[in-house]
Amino acid sequence: MPQNPPVGPDSIAAAADRLHRAAATGTPAAPVRDLIGRDDVTAAYAVQQRLTAERIRAGARVVGRKIGLTSEAVQRQLGVDRPDFGVLFDDMAYADGSTLPADAVLQPCVEAEIAFVLGADLAEGPLDDAQVRAAVDHAVAAIEICGSRVADWDISFGDTVADNASAGAYVLGTRRVPLAGFDPVAAEMTMTVDGETVSTGTGAACLGDPVNAVVWLARQARDLGEPLRAGQVVLSGALGPMRPVTPGATVHATVTGLGPVSVAFSA
């Protein structure tokens, strides 16, 4: 099969500029796959890294990573077939029970998942299941507010990776549980929007085990030269389908063993 030519720096810069303008203006943009292709992983992460560097220059601080597209339900929703990851910045974090401004995240969708907070770096060694488990300080229930700078969520794999894995904001619950007292695979999740159950699932929906997702991420992050560090938050991926939310909505989620977490959106 013939190989597509590498995506040039001008196309990567143009894709980053398109997504940056969408974020800055609050107006979703056209997909960027016309510039970088639908599934060119190298080009897509190059765009993401360019945007990350811009955020850091503007004063944002990296506090962790999010893993996306880990559940078959979400992959089916978005028409993709593999996980991806993005960067969490300090201004994305909201306290449990917070109310987000309605315009804080473009085209917001919510999903419930398990977050892990690292107590040790994941930069050396085999980065296997045992090492990752030993590096986790605690697990906590989380709601991720995904957002897309691409109009109508019309995304290919390349689009969402370039767009920081459709990261928007996140909320962590208050109950912190060491892995010694918690089985991520058996955890059951229920999420409601305005009292109506909209998503359910288990830890097994996240690559078979949410820890597997962190193993995958640790290796990917190291390969790209930005390994996971102690103190960082890792959102391991949805345990069930994500759901859109509108201004005024209130979202509650519960993960067995980790307890509840909630967030609201201003009207």
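Visitor: Leaving aside its neighbours within four places in sequence, which residues is Asp 209 in contact with?
Guide: With contact meaning heavy atoms within 4.5 Å, and with neighbours within four places in sequence left aside, Asp 209 is in contact with Arg 133, Pro 184, Val 185, Gly 203 and Ala 204. This is a predicted model, in which local features need pLDDT of at least 70 and side-chain atom pairs count only at pLDDT 80 or more, while totals for chains, interfaces and linings use all residues. Residues are numbered from 1 along each chain as its sequence is written, and side-chain values use heavy atoms, with hydrogens and water left out.

Visitor: Where is the place of Asp 209?
Guide: Asp 209 is in the loop between β9 (196-202) and α7 (210-223), where helices (H or I, at least four residues) and strands (E, at least two) are DSSP runs numbered from the N terminus.

Visitor: Buried or exposed, that Asp 209?
Guide: Asp 209 counts as buried because its relative accessibility is 8%; buried means under 20% relative accessible area, exposed over 50%, and partly exposed in between, with a 1.4 Å probe and protein chains only.

Visitor: And what does the side chain of Asp 209 reach at 2.9 Å?
Guide: The side chain of Asp 209 reaches the backbone nitrogen of Val 211 at that distance, 2.9 Å.

Visitor: Changing topic, how many aromatic pairs are there?
Guide: The count comes to two aromatic pairs, under a rule by which rings of Phe, Tyr and Trp (its six-membered ring) pair if their centres lie within 6.5 Å, with planes under 30 degrees apart counted as stacked, over 60 as edge-to-face and the rest as tilted. For Phe 85 and Trp 216, the ring centres are 6.1 Å apart and the planes stand at 70°, so this pair is edge-to-face.

Visitor: Which parts of the chain does that pair link?
Guide: The pair links distant parts of the chain, with Phe 85 in strand β2 (residues 84-89) and Trp 216 in helix α7, 131 residues apart. Phe 85 counts as buried at 3% relative accessibility, whereas Trp 216, at 21%, counts as partly exposed.

Visitor: Which residues form the aromatic cluster?
Guide: One aromatic cluster is formed by Tyr 45, Phe 85 and Trp 216.

Visitor: Last one: where is Thr 160, and what does it touch?
Guide: Thr 160 is in helix α6 (residues 157-162) and is buried, with a relative accessible area of 3%. Not counting residues up to four places away in sequence, Thr 160 touches Leu 69, Asp 84, Ile 155, Ala 165 and Ser 166.

Conventions
Polar contact = N/O pair within 3.5 Å; in protein donor to acceptor, adjacent residues only side chain to side chain.
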